[in-house]
Amino acid sequence: LYGWTKNYGWAIIVLTFALNMCFLPLRWKSSVSMKKAAALQPKMKDLQDRMKKLDKNDPRMVELQKEQVALMREGNPLMGCLPLLLQMPFFYAVYAVLTTAVEIRHTGFLGWIKDLAAPDPFYVLPVIFVISMIVQQALTPSTADPVQKRVQYIMPLFMGYIFINAPAGLVLYWMVGNLVGIGQQYLINKISPAPPVQAVPGKPATARGKA
């Protein structure tokens, strides 16, 4: 890629875009699964509340547990972690290259970055990284309640604190991945709307699934 772009910064951007386009089908499947899990959350909570009121030896407990397993299979929230897990080997590979390859040392990018293997001197990339991570998190479907979701926004700030002293090339890789992910998630949300929230017996369904 460097032979084509003549700059390691642009090579990182092209690499990141290509990898994220390869991850698009998995991101799509993960998003659909998370939306299903969010729609089923009211029924899951109702099941958990009913199970708490029963003794563990109660025959009705077995039926409720079977119903709970069926709901978990229908909307598996663990699918949301797969795109991130699959990106980790590439993340470590980019980090290894930036910290060991002599060719990348003292390679400039976009004017103010004089060395992609050193931290951004003006913290521009870490700030954009944090903002992009927050936006991506807001767009991504989640099964967490509103309070838990607000707590999750602490993670981008924590990651930003870590990335302040990370090589600029590494922050560039993750930041571009976030920006591409935002575009992909926006497209997924438009084309694949959330299913309607499953109504709990005896309770009216909310309109949250239409968001």
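Colleague: What makes Phe122 count as exposed in this model?

Modeller: The model is predicted. Phe122 has a relative accessible area of 57%. Exposed means over 50%. Therefore Phe122 is called exposed.

Colleague: Where does Phe122 lie?

Modeller: In the loop between helix H5 (82–100) and helix H6 (124–139).

Colleague: Which residues make the nonpolar surface patch of about 350 Å²?

Modeller: Phe122, Val124, Ile128 and Leu179 make that patch.

Colleague: How do you know that the length of helix H2 agrees with what it should span?

Modeller: Helix H2 covers residues 8–22, which is 15 residues. The expected span is 1.5 Å times one less than the number of residues. So H2 should span 21 Å. Its end C-alpha atoms are 21 Å apart, and the two values agree.

Colleague: Which residues of H2 are buried?

Modeller: Tyr8, Gly9, Ala11, Ile12, Ile13, Thr16, Leu19 and Asn20. Buried means under 20% relative accessible area.

Colleague: What is found at the start of H2?

Modeller: A side-chain oxygen of Asn7 comes within 2.7 Å of the backbone nitrogen of Gly9. The cut-off for a polar contact is 3.5 Å. Gly9 is also among the buried residues of H2.

Colleague: How many helices and strands does the protein chain have?

Modeller: The chain has 9 helices and 0 strands.

Colleague: What share of the protein chain counts as buried, and what supplies the area it exposes?

Modeller: Of its 211 residues, 41% count as buried. The chain exposes about 12,600 Å², and carbon and sulfur atoms supply 67% of that area.

Definitions and conventions: Residues are numbered from 1 along each chain as its sequence is written. This is a predicted model: local features need pLDDT of at least 70, side-chain atom pairs count only at pLDDT 80 or more; totals for chains, interfaces and linings use all residues. Side-chain values use heavy atoms; hydrogens and water are left out. Helices (H or I, at least four residues) and strands (E, at least two) are DSSP runs, numbered from the N terminus. Buried means under 20% relative accessible area, exposed over 50%, partly exposed in between (1.4 Å probe, protein chains only). Accessible areas come from the Shrake-Rupley method with a 1.4 Å probe; for residues, only the protein chains shown count as cover. Patches are made of residues with over 30% relative accessible area and no salt bridge: like charges are joined within 9 Å, nonpolar side chains (Val, Leu, Ile, Met, Phe, Trp, Tyr) within 5 Å. A salt bridge is a side-chain nitrogen of Lys or Arg within 4 Å of a carboxyl oxygen of Asp or Glu. A polar contact is a pair of N or O atoms within 3.5 Å; within protein, one must be able to donate a hydrogen and the other to accept it, and residues adjacent in sequence count only if both atoms are side-chain atoms.
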